[in-house]
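Good morning, and thank you for the time at this meeting. I would ask you to look at the sequence and the structure before I speak about them.

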Amino acid sequence: MGGAVQGPAPPAVPSSATQPEEADRLRELLRRPAYLKTLLFSALIGIPVSLAAFFFLAGIHELEHLLWAELPAGLGWNTPPWWWPLPLLLFGGLVVGAVARWLPGAGGHVPAAGLHAPGATSAALPGVILATFASLPLGATLGPEAPLIALGGGLALLFRDRARAQATPQSSALLGAAGSAAALSAIFGNPLVGAVILIEVAGVGGPQLFAVMLPALLASGVGSLVFTGFGRWTGLATGNLSMKPGVPFPRLDAGDVFWSVLMAVGIAAVVHTVLSAGRLTAVFVARAPVLRTAVCALGAGVCAAVYALAVGRSPADVASSGQATLAGLAQQPYAWGAGALVAVLLCKSAAYALCLGSLRGGPVFPSLFLGAAVGVLIAPLPGLGVVPGMAAGMAASSAAALRLPVSSVLLVVLLLGSGAMIPVVILAAVVGFVTVELLPPGRAVPPAGETAAPPPSGPPAAGAAPPTTGAGRAGGGGPG
């Protein structure tokens, strides 16, 4: 009918005529000697890159243990005093600011831009390593995954140059991605996570990939709920490809699903606000890297000190990536009172925003901890349990922070060590991703090492192009 309103056209699906052409192109690519050499070289560099990533992480862990456990104990404190993060983060901020100002690569990309770093270079490796060791062990509310991506990619290209292999734009991209994936497997303990994250970060397929992937991901989550429910109601089994874990997980019900969806919307909105604050921090820091990086790092230390004074717990709950604290929260969720959970959410969110725009690291583990803390806090709601709350909270928070829904689902499931929570994890990840994508994007993050120009005082000139917002997205491969 002429007056009917038509909805948006569905994503284009390759026709049967184009599928043989794509298959022929793949076979042709696999027959090329240059590509086969790249595959062989990728397999070989996985060994030294993984070793380097292991010792890189071990060095960070040992230095962090020295500064936050052994040194306070040697001075007579069971836990670091409330003021402990202040000198550490001030010193770290000065070092990172100097690296960003004067060393090649500026110490790596600004973490407020997510995991989508610019092309890795071997020249940036010294700055990346120095800035990371001045950030993470000294109390930055960031994780190590972004520096690992830069480290793996840079080392792969360095080995390629030392071997005097032929360098082309395509081979550089492939080797950089291979090195980054090899390095990521060291922190996540699973090679599949690194590969999936790199696929989403690279944005293979562009927005169309997400347009096709989200309905499929959502439908699989709902289908899992339906089949799980029918199996329990009727006592019949259809067979599956999973192994039942030895640790029992709670049974999902309608309350878990209802609260998980609502929680995902709220968490996504809060995470979006935190990331927007992180991008504003990056703009502020870019105008005077050395001084303003130190100021923001000290501000993150103040957040940790305020938390320690308010609840009497260690400032390391705030001044850390949250990886170790997340494990403690999962093991003893009822050891945290409501006041401590509210305090750590407020203070860690503020420190997270300051570190995202100033220091060097990654956004994964702080977002996971914040989502888990929200889940534990609201677990007493009618029909919601602690484990489903934590699972949905982590999925929604990581999907909103990273803009990588599939990677977020995979990561949370592996962290839980069970597939029992997969339905609510998928629902929360999709809802969180869609919610944050529908919110207005914030300001673009200035590239590391560039001085941000002050905002214009007057209206934009007629015909001027709008500012680019894609770099301001926190995720690596999402549309926008």
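This is a predicted model: local features need pLDDT of at least 70, side-chain atom pairs count only at pLDDT 80 or more; totals for chains, interfaces and linings use all residues.

I begin with the pair. Helix α3 covers residues 85–102 and helix α10 covers residues 289–311. Their axes come within 7 Å and cross at roughly 155°. An angle over 145 degrees counts as roughly antiparallel, and therefore α3 is roughly antiparallel to α10. The crossing of these two helices is right-handed.

Which residues of α3 and α10 make the contact? On the α3 side they include Leu-86, Leu-89, Leu-90, Gly-93, Leu-94 and Gly-97. On the α10 side, Val-290, Thr-293, Ala-294, Ala-297, Leu-298 and Gly-301 are among them. Several of these positions are spaced in a way that recalls a general point: an α-helix has 3.6 residues a turn, so residues three or four places apart point the same way.

I turn next to helix α16, residues 422–438. From its first C-alpha to its last, this helix of 17 residues reaches 24 Å, close to the 24 Å expected at 1.5 Å a residue. Is α16 largely enclosed or open? Of its 17 residues, 14 are buried, so α16 is largely enclosed by the rest of the structure.

Val-413 lies in helix α15, residues 405–416. Its relative accessibility is 17%; because the cut-off for buried is under 20%, Val-413 counts as buried. Beyond its neighbours within four places in sequence, Val-413 is in contact with Ser-418, Ile-422 and Val-425. Between the C-alpha atoms of Val-413 and Ala-395, which are 18 residues apart along the chain, the separation is 9.0 Å.

Ser-397 belongs to helix α14, residues 386–402. This serine is buried, with a relative accessible area of 1%. What does Ser-397 touch, if residues up to four places away in sequence are not counted? Its partners are Ile-267, Val-271, Ser-367, Leu-370 and Gly-371.

Finally, Ala-181 is placed in helix α6, residues 169–188. Apart from neighbours within four places in sequence, Ala-181 is in contact with Gly-194 and Leu-198. Ala-181 and Leu-198 are 17 residues apart in sequence, while their C-alpha atoms are 6.5 Å apart in space.

Terms used
Residues are numbered from 1 along each chain as its sequence is written. Side-chain values use heavy atoms; hydrogens and water are left out. Helices (H or I, at least four residues) and strands (E, at least two) are DSSP runs, numbered from the N terminus. The expected span of a helix is 1.5 Å times one less than its number of residues. Buried means under 20% relative accessible area, exposed over 50%, partly exposed in between (1.4 Å probe, protein chains only). Axes are lines fitted to C-alpha atoms, for helices over the stretch in contact, and angles run from 0 to 180 degrees between N-to-C directions. Angles under 35 degrees count as roughly parallel, over 145 as roughly antiparallel, 65 to 115 as roughly perpendicular and the rest as oblique. A crossing is left-handed if the near helix is turned anticlockwise from the far one by less than a right angle, and right-handed if clockwise. Contact means heavy atoms within 4.5 Å.
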